[in-house]
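Good morning, everyone, and thank you for making time for this.

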Amino acid sequence: MYDVVISNSKLNSYKTRVITAGIDTTQYKRNPLLLWMHIRATRGTPDDVLPLGTVVNLRVDGDNLLGTIQFDETDPFAARIKAKWDAGVLKMVSPGLDIVEQTDDKALLLPGQLRMTVSKSILREVSIVDLGSNDDALALYSDGKKLNLSAGEGGEILKSIHQHLNMKTIALKLGLPKQQPKTRCCNSLTNYRPTW
């Protein structure tokens, strides 16, 4: 058995973050499977990668969601992954999360953050991964579909914080008046149309 950090609220390489306190683990605790690279067996063929084991003793310590992984050593593939884990070749796990709620609340933003904060989520699965994002990789789900952020997908679901900035605040910071000017000319700054 091996204790691991599954997730925390740090900024990850996708320029977003997941609030640990908002992760619901209720359903996961009922079926705590450990997968390989967020892959589920779906084809029913001999080369399917079956679950590697389970994650037990799920708990929160400070800002870290922790768990204890147990490999199914009766499965040859899981035993191979365990051997790589024991050798220190593999070291990371990754949460697969269903996004329930995201926010652009400035109090939750970290320096360098470009996507909204995932404030509420449901832990769907935990995977052993080769490369992580937040010292853990991050797989997010919406409506049962995995978002592949590394390929630039999922932008409609995991929204950029720039899409939700208050346009009035931006205009005032630029020194533009609260009301649209009565006189017009061809200068783009005086021809703006506020959205408020």
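A search of the whole structure finds 3 salt bridges, a salt bridge being a side-chain nitrogen of Lys or Arg within 4 Å of a carboxyl oxygen of Asp or Glu. Before I go through them, please keep in mind that this is a predicted model, in which local features need pLDDT of at least 70 and side-chain atom pairs count only at pLDDT 80 or more, while totals for chains, interfaces and linings use all residues. Residues are numbered from 1 along each chain as its sequence is written, and side-chain values use heavy atoms, with hydrogens and water left out.

Let us take Asp3 and Arg59, whose closest N and O atoms are 3.4 Å apart in a salt bridge. Asp3 belongs to strand 1 (residues 2-7) and Arg59 to strand 4 (residues 53-61), so this pair ties together parts that are 56 residues apart in sequence. When I speak of helices (H or I, at least four residues) and strands (E, at least two), I mean DSSP runs, numbered from the N terminus. Asp3 is exposed, at a relative accessible area of 56%, whereas Arg59, at 26%, is partly exposed; here buried means under 20% relative accessible area, exposed over 50%, and partly exposed in between, with a 1.4 Å probe and protein chains only.

Which side chain makes a polar contact with that of Asp3? It is the side chain of Thr68, at 2.5 Å, where a polar contact is a pair of N or O atoms within 3.5 Å; within protein, one must be able to donate a hydrogen and the other to accept it, and residues adjacent in sequence count only if both atoms are side-chain atoms. Thr68 lies in strand 5 and counts as buried, at 6% relative accessibility. Leaving aside neighbours within four places in sequence, Thr68 is in contact (heavy atoms within 4.5 Å) with several residues, including Tyr2, Asp3, Val55 and Arg59.

Another salt bridge joins the side chains of Lys82 and Asp86, at 2.8 Å from N to O. These two residues are 4 apart in helix 2 (residues 76-86), and are therefore separated by about one helical turn. Lys82 is buried, at 15%, while Asp86 is partly exposed, at 44%.

Staying with helix 2, we find that Ala78, Ile81, Lys82 and Trp85 are buried. They cover an arc of only 105 degrees around the axis, which puts them on the same side of helix 2; the arc is that of the directions from the helix axis to the C-beta atoms. On the other side of helix 2, Pro76 and Arg80 are exposed. The buried residues of this helix pack against strand 1, strand 3 (33-36), strand 5 (64-71), strand 6 and strand 7. At the N-terminal end, Asp75 caps helix 2, with a side-chain oxygen 2.9 Å from the backbone nitrogen of Phe77, and just after the helix, Gly88 takes a positive phi of about 85 degrees.

The remaining salt bridge is between the side chains of Arg124 and Asp98, at 3.7 Å from N to O. Arg124 sits in strand 7 (residues 117-129) and Asp98 in strand 6 (residues 92-103), so that distant parts of the chain, 26 residues apart, are linked.

To finish with the whole, the protein has 3 helices and 9 strands, and buried residues make up 39% of its 196 residues.
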